[in-house]
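I wanted to look up the folds first, then the contact.

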Amino acid sequence: MRYRNAGHAFAHGVQTLLPLVPGVIPFGLVTGVMATEMGMSPGTTMGMTLLFYSGSAQMVALQLLHNAALPLTVVVTALIINLRFIMYSASLAPHLHKLPRRWTWSMSYLLSDQSYALCSLKLSSGELGVHAKYFYMGTAFAMWLAWQLSVLAGVILGARIPETWSLGFAIPLSFLALLIPNLRNAATLGAAIVGGAIAILAIKLPYNLGLVTASIGGVVAGVLIENLRRGEAGHVSAPAMERDAQ
Amino acid sequence: MSDLALWGLFLAVGIGTFAMRLSFVELYGKWQMPAFLERALRYVPASVLAALVLPAVVYPPGQSEWVLNNPQIPAAVIAALVAWKTRSTLLTLGVGMGALWAFKFLGG
């Protein structure tokens, strides 16, 4: 899509992100409720939310703080969970590195799973044209605002959401909604199956190392399957698959 | 934990996370990523997302033991089918939560 101007690209970014907001709200609510139930003040909770800007790391940190874990353990675990951002950063770098620092630094702070999922393919295909950074900012800023406001709503609601609603299940469901449409070929499917299976088996590993182990295992599986299929493609030409892998 | 220690912890995670988000955008050109790593990156989202989803579905909240009667599993299967067919986050969430409540109700 070619955009008339920066505002048009930004607005389309916001619009593209909007369908993901219902998946974010319960996640944010739960985070806000959880922090409040632990006795954290609204100011402290929102400070944490602004500094982390990472839901899964924040949830896990809250859980560990609740269990009176060592501060160092909390920091290391949260950062391990966020290791995936290094990989996102590497994959976006070819498209963003030329921008001035005021752009790259704010884009980096605002980088989320959702914006990455929405923008990475569009950035690499070049379809966004010269206003690509505004499209990214539209998705990223809308996501940031939705997240901050839903945590705030959770803080205000406090412990008033009954446990029986099982609102926590909305978290894996929203990840599922991001994951499933991404499974476009055998290699990505293999990465997901292996990553998920290892995560299930490694649930008892300390420091949430299961998540990191599983992610690496899944990536290895994806690359191996891609190599295998490349080997087959050497005999029969399979241009469709090659295109798919991009 | 004291308030000061708590804020120190938040700041440490915040700065660390920002550094990771910025890492390659800042380093680009100064350190070229090996082609192999670049290829591997394509499988990160699927792998990480699945690693977040599956344990959260298979194990009941706050537990790490397998239980037989877990309404989350059939609810997630239905939600996955909806996600596959519609690609809609809203529908996936709505149907998934509805299915969970229904299975809980049916299961007592």
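A residue counts as buried if 20 or more other C-beta atoms lie within 10 Å of its own, and as exposed if 12 or fewer do. With that cut-off, I looked up chain B and found that buried residues make up 39% of its 108 residues. I note here that this is a predicted model.

**Entry: chain B, overall**

I counted the secondary structure elements next. Chain B holds five helices and zero strands. Its pattern along the sequence reads α-α-α-α-α. Then I checked how spread out the chain is. The globule rule gives 13 Å for 108 residues, and the radius of gyration of chain B is 20 Å, well over that, so chain B is more spread out than a compact globule. The C-alpha trace of chain B spans about 60 × 45 × 25 Å along its principal axes.

I also looked at the contacts within chain B. Of those with a separation of 6 or more, 34% are between residues 24 or more positions apart.

**Entry: chain B, domains**

Which stretches does the domain assignment give for chain B? I read off domain 1 as 1–32 and domain 2 as 44–108. I then looked up the spacing of the two. Taken over C-alpha atoms, the centres of domain 1 and domain 2 of chain B are separated by 32 Å.

**Entry: Gly62(B)**

I picked one loop position. Gly62(B) sits in the loop between helix H3 (44–58) and helix H4 (72–86) of chain B. Is Gly62(B) buried or exposed? I found 7 other C-beta atoms within 10 Å, so Gly62(B) is exposed; the cut-off for that is 12 or fewer. I also took a distance to Ala76(B). Gly62(B) and Ala76(B) are 14 residues apart in sequence, and their C-alpha atoms are 17 Å apart in space.

**Entry: chain A, overall**

I turned to chain A and made the same checks. I counted 13 helices and zero strands in chain A. Its pattern is α-α-α-α-α-α-α-α-α-α-α-α-α. For 246 residues, a compact globule would have a radius of gyration near 18 Å; the 20 Å of chain A agrees with this. The C-alpha trace of chain A spans about 60 × 50 × 35 Å along its principal axes.

Buried residues make up 48% of the 246 residues in chain A. Among contacts in chain A with a separation of 6 or more, 75% join residues 24 or more positions apart.

**Entry: the contact of the chains**

**Entry: H6(A) against H1(B)**

I followed H6(A) further. Helix H6 (residues 84–96) of chain A and helix H1 (residues 3–27) of chain B have axes that come within 6 Å and cross at roughly 35 degrees. The crossing of H6(A) past H1(B) is right-handed.

I listed the residues that meet there. The H6(A) side has Phe85(A), Ile86(A), Ser89(A), Ala90(A), Leu92(A), Ala93(A) and Leu96(A). The H1(B) side has Thr17(B), Met20(B), Arg21(B), Leu22(B), Ser23(B), Phe24(B) and Val25(B). I sorted the residues of this contact into 10 nonpolar, three polar and one charged.

How values were computed:
Residues are numbered from 1 along each chain as its sequence is written. Chains are lettered from A and ligands numbered from 1 in the order in which they are written. This is a predicted model: local features need pLDDT of at least 70, side-chain atom pairs count only at pLDDT 80 or more; totals for chains, interfaces and linings use all residues. Helices (H or I, at least four residues) and strands (E, at least two) are DSSP runs, numbered from the N terminus. The radius of gyration is taken over C-alpha atoms; the globule rule is 2.2 Å times the number of residues to the power 0.38. Two residues are in contact if their C-beta atoms, placed from the backbone, lie within 7 Å. Axes are lines fitted to C-alpha atoms, for helices over the stretch in contact, and angles run from 0 to 180 degrees between N-to-C directions. A crossing is left-handed if the near helix is turned anticlockwise from the far one by less than a right angle, and right-handed if clockwise. Ala, Val, Leu, Ile, Met, Phe, Trp, Tyr, Cys and Pro count as nonpolar, Asp, Glu, Lys and Arg as charged, and the others, Gly among them, as polar. Domain bounds come from an automatic or database domain assignment.
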